[in-house]
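Here are my notes on this one, as numbered points. Have the model open while you read.

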Amino acid sequence: MKNKRILWRTLGVFAVIALIGFAVASCEVEGGGSGHDCQRQGCRFVWVTYPVPSCTSSGMRTESCRYCENTGRAQTMLSLGCSFGDWEEVTPVTCEANGLRTRTCIRCEYIYQNVLHMLGHNWSDLIVLRQPTPTVLGLGKTECIRTFCLLERYYSIPYGGGPI
Ligand SMILES: [Zn+2]
Ligand SMILES: [Zn+2]
Ligand SMILES: [Zn+2]
């Protein structure tokens, strides 16, 4: 019983000391950090990021004491990767020519280029414009059905042979 009371009293004293210590430390932190004793009160670490990670390079953050030169844990920060905006059409792709579109990173302004390979014509079925006769070749045409192209090609149709 007696020992227990002494124990509680001791704990109480420690609690008071701890509270005072905390209050002093808090004041010091708010007051700008002068007078903090790292040896006695322990270091106060804050994360400091250097170098800051970029789109393509990794960064580092280190726990640094506000009051002395001590450092704690260090962590590598992965590179962020680019964040691209919407595609912008530079050159439209056509049946016979490659197109080009770009996207720009909103952070580092790196321009990503994407070549769009030419589509090739998409020919319609042969349309017979004039049936062949024994003396005159027939005439047919096909048309690229892509609306931005609509290229036409004409063909001769020999008599009796069907369309070529
Ligand atoms: Zn320190
Ligand atoms: Zn970027
Ligand atoms: Zn075409």
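1. In which sense do E7 and strand E8 pair, and over how many bridges? In this predicted model, the two pair in the antiparallel sense, over three bridges. For a spot to look at, take Ile127, whose bridge partner in E8 is Lys141.

2. That pair belongs to an open sheet of three strands, ordered E7-E8-E9, with antiparallel pairing. Strand E7 (127-130) and strand E9 (152-157) are the edge strands, each pairing on one side only. On average, neighbouring strands here are turned by 30° against each other, direction ignored.

3. Stepping back to the whole chain: the protein has two helices and nine strands.

4. Burial is worth a look. Of the protein's 164 residues, 1% count as buried, where buried takes 20 or more other C-beta atoms within 10 Å. As for contacts between residues at least 6 apart in sequence, 30% join residues at least 24 apart.

5. E6 has a partner in strand E5 (residues 99-104), and the two pair in the antiparallel sense over six bridges. One residue pair to check is Arg101 with its bridge partner Asn114 in E6. The hairpin of E5 and E6 has six residues between the strands.

6. Most residues other than glycine have a negative phi, and most peptide bonds are trans. Glu109 is not a glycine, yet its phi is positive, at about 65°. Its place is the loop between E5 and E6. Is Glu109 buried or exposed? It counts as exposed, because it has 9 C-beta neighbours inside 10 Å, and the cut-off for exposed is 12 or fewer.

7. Leu150 is another one to inspect: phi is near 55°, a positive value in a residue other than glycine. You will find Leu150 in the loop between E8 and E9. With 11 other C-beta atoms within 10 Å, Leu150 is exposed too.

8. Last item: which two residues does a cis peptide bond join? They are Tyr50 and Pro51, with omega about -10°. Pro51 sits in the loop between strand E1 (45-49) and strand E2 (59-65).

Conventions: Residues numbered from 1 in each chain as written. Chains lettered and ligands numbered in written order. Predicted model: local features only at pLDDT ≥ 70, side-chain atom pairs only at ≥ 80, totals over all residues. Helix = DSSP H or I, 4+ residues; strand = E, 2+ residues; numbered from the N terminus. Contact = placed C-beta atoms within 7 Å. Pairing = 2+ DSSP bridges. Axes fitted to C-alpha atoms, helices over the stretch in contact; angles between N-to-C directions.
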